[in-house]
Structures are given as C-alpha cells and as structure tokens.
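These notebook entries record what I looked up in the structure, one topic at a time.

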Amino acid sequence: MLRPPPLGSERARVIGLLDAFQAAERAGAEAVGRWIVACADARLRGGLRMIRARDRRHAALAEARLRSLGGVPGAQPSRELAALCGVVADPGVSDRSKLTLLIGHLPADENAPLGELVHRAEGDAETQALLQTIFDDERATVRWLRGMHDALEREGT
Amino acid sequence: MTGPEPEPDWVIRFLDDLRAAEAASAEVLAAWIDVCALDGLRGGLRVIAEREATHAELLAERLGEMGVAPSALLAEPVRSAALERFGSGRVSDEQKLASLLARYPDDASATRPITQILDRLPHDPETREILRLVAEGEAATIAWLRAYHAALARAAPASRV
C-alpha cells in the first residue's frame, strides 16, 4: 500500500526538520569551500572537495523535498554551527586545528544526531529514506575526517 | 620553475571513463525515479542519483585541472537500453533492483576497479582522495540497495511503501 504524504502537523514537523537540515548543510558547504581555498595539503583538499560537493547536493535535496511538501526554506544555521563554520573557513587556522575542532564536535555515537533525524521523519517514507541515504554519506565523511586527522597527527603537520 | 608532471595517459583515461559511467548512471537513475512506485525507494534513489552526479562533476573538474576536456561517452546502445529498462513503468522496481544487484555479487565488486588503482597514484594525492571517497560512495550505494531489496523481499505486498 502506498502511504499518502504526511498531513497537518506531521507535515509541518517534517518540513521543519528538512529546513534546519538544508540550512546546516549549506552553511557547512560554504565553510568547507573557504577551507579548500586556503588548504595546502593535497590529500585534504581532495577529500574536502568531495565533502563540499556532497553537502551542497544534500542541501538541494532537502530543499526540493520540503518544497514538494509545500514548505519554503527559511531556516538559519544555529549560532553554534555558525561559529564552528567561522573557524573552519578561517585561513589563519591550521588544517590540523580545524580537524581537531570538527572531530571534537562529533558525537561518540556515530548514529546520532542524524539517526534521530531519520527517526523523526517516521510516517514519511520518502523523506525518511532520503535522510537515511544522506546519513550514509555523512558517516563516510566522518570516517574520512577521522582518518585524515589521525594521519596529520602522526605526521605532526 | 617547472610545473607538475603531466598525468599518465592511463590515469586520464580512467578518470574520464569513470566520469562518463557516473554521469550515465545519474541519468538512468533519474529516469527510474520518474516512474518509481515505492516512496522509500524513491527517496534513496534521489540521493544515490545525486551521489553519482557529484562523482561525475568532481571527476570532470579534476580532468579540467589537468588540462583535459572530458570526452568519454558510454556506448549509446548500452545507455539507451539502460534508460529504456530503468525508465519503464512496466518493469517492476523489484525487477530493476534485482538486475542491478546481480551485477555486484558482493559490495567490493562495485569498488574494486577504483580501489585497485589508488596505490598507483602516489604522485597525485588529491585525485587519490577523491577516488577513495568515490569508492566509498559506490559501496554505500550497493549496500543501501541490497538492504532495501532484502527488506522488500521480506515484506508482505500489502505493507509495501
């Protein structure tokens, strides 16, 4: 049986979480873009380019979904996220410091908080699968960032 | 001062062929999304199609930085046949999933062609990291489609969404 799209307050809740998500991804993509410009390490630059491209497309996917549900994007990243993005984008901060900062902000449980987001989209199968699949990309990003952080630590750069 | 060494021809060819395959894959997935009857599958396919398009875009960018204009194309009969099958509303989503997954007996089979060359690129760490993450994306795609297909097979027809 095909489920109808979510209605009423349930739809508003899904639109709200998609809006917050697209704002966060857009802010992340912009900050990583500035990091790439200042990044002198070719390995790091290669991975960051993929991360920026993914984040941009995630933002576009979330925005398209929220619009198809009748929403209009308008969310802004939280103050904490904006501050984090400011450091990531700053050319005066070293690559190693940026990685350390990002790793420090990652939850110990890699399934949180995006897993919670997927859970909250319950009742809307398309949005839930969309977020679940995006979540796979985010996990790959986190793994890669941790690996690169460890490599730079070992090298002492 | 001399510039960086030009990339060997085999690297250029590999990147261009992979770019063409990823771009064609994104196109075929878009055709599938248009006729996909299952909400959950459609949501996943949307992300997977964007993932493939991202890979194609980054590889094209990288080729451009190497001074190469991307030119590879998937053989037209192969592209047309894939578009016809995956864009058809008469072929079920389950059949499409099964035929796609049959090409990849295990998750590594989707990434092996890429991971095999990573060690041959010590001179170009930027391309190597892009390819490493492309390979991870391919693995995630196959794992998600396999999980969805298995869940679909377990589910009773009346409860499918």
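**Entry 1. A:Leu48.** I began with a single residue of this predicted model. Is A:Leu48 buried or exposed? I counted 25 other C-beta atoms within 10 Å of A:Leu48. A residue is classed as buried once 20 or more such atoms lie within that distance, and A:Leu48 is therefore buried.

I then noted where A:Leu48 sits, which is in helix H2 of chain A. Which residues does A:Leu48 touch, leaving aside those up to four places away in sequence? I found A:Val32, A:Trp35, A:Ile36 and A:Cys39.

A:Leu145 is 97 residues from A:Leu48 in sequence. In space, the C-alpha atoms of A:Leu48 and A:Leu145 are 9.0 Å apart.

**Entry 2. H2(A) and H6(A).** From the residue I moved to its helix. Helix H2 of chain A covers residues 42-68, and helix H6 of chain A covers residues 125-155. I recorded an angle of about 165 degrees between H2(A) and H6(A), with their axes 11 Å apart. How are the two helices oriented to each other? Angles over 145 degrees count as roughly antiparallel, and H2(A) and H6(A) are therefore roughly antiparallel. I noted the crossing of H2(A) and H6(A) as left-handed.

I next listed the residues that make this contact. On the side of H2(A) they are A:Arg43, A:Leu44, A:Gly47, A:Ile51, A:Arg54, A:His58, A:Leu61 and A:Arg65. H6(A) contributes A:Thr127, A:Leu130, A:Ile134, A:Asp137, A:Thr141, A:Trp144 and A:Met148. Sorted by class, the residues of the contact between H2(A) and H6(A) comprise 7 nonpolar, 4 polar and 4 charged.

**Entry 3. Chain A as a whole.** How many helices and strands does chain A have? I found 6 helices and 0 strands, and the order along the sequence reads α-α-α-α-α-α. The radius of gyration of chain A is 17 Å, close to the 15 Å given by the globule rule for 157 residues, so chain A is as compact as a globular protein of that length.

I took the box around the C-alpha atoms of chain A along the principal axes, and it comes to roughly 55 × 25 × 25 Å. Of the 157 residues of chain A, 41% count as buried. I also considered contacts in chain A between residues at least 6 apart in sequence, of which 73% join residues at least 24 apart.

**Entry 4. Chain B as a whole.** I repeated the survey for chain B. Chain B has 6 helices and 0 strands, arranged from the N terminus as α-α-α-α-α-α. The C-alpha atoms of chain B fill a box of roughly 70 × 30 × 20 Å along the principal axes. I noted that 39% of the 161 residues of chain B count as buried. For contacts in chain B with a separation of 6 or more, residues 24 or more positions apart account for 76%.

Terms used. Residues are numbered from 1 along each chain as its sequence is written. Chains are lettered from A and ligands numbered from 1 in the order in which they are written. This is a predicted model: local features need pLDDT of at least 70, side-chain atom pairs count only at pLDDT 80 or more; totals for chains, interfaces and linings use all residues. Helices (H or I, at least four residues) and strands (E, at least two) are DSSP runs, numbered from the N terminus. The radius of gyration is taken over C-alpha atoms; the globule rule is 2.2 Å times the number of residues to the power 0.38. A residue is buried if 20 or more other C-beta atoms lie within 10 Å of its own, exposed if 12 or fewer, and partly exposed in between; C-beta atoms are placed from the backbone. Two residues are in contact if their C-beta atoms, placed from the backbone, lie within 7 Å. Axes are lines fitted to C-alpha atoms, for helices over the stretch in contact, and angles run from 0 to 180 degrees between N-to-C directions. Angles under 35 degrees count as roughly parallel, over 145 as roughly antiparallel, 65 to 115 as roughly perpendicular and the rest as oblique. A crossing is left-handed if the near helix is turned anticlockwise from the far one by less than a right angle, and right-handed if clockwise. Ala, Val, Leu, Ile, Met, Phe, Trp, Tyr, Cys and Pro count as nonpolar, Asp, Glu, Lys and Arg as charged, and the others, Gly among them, as polar.
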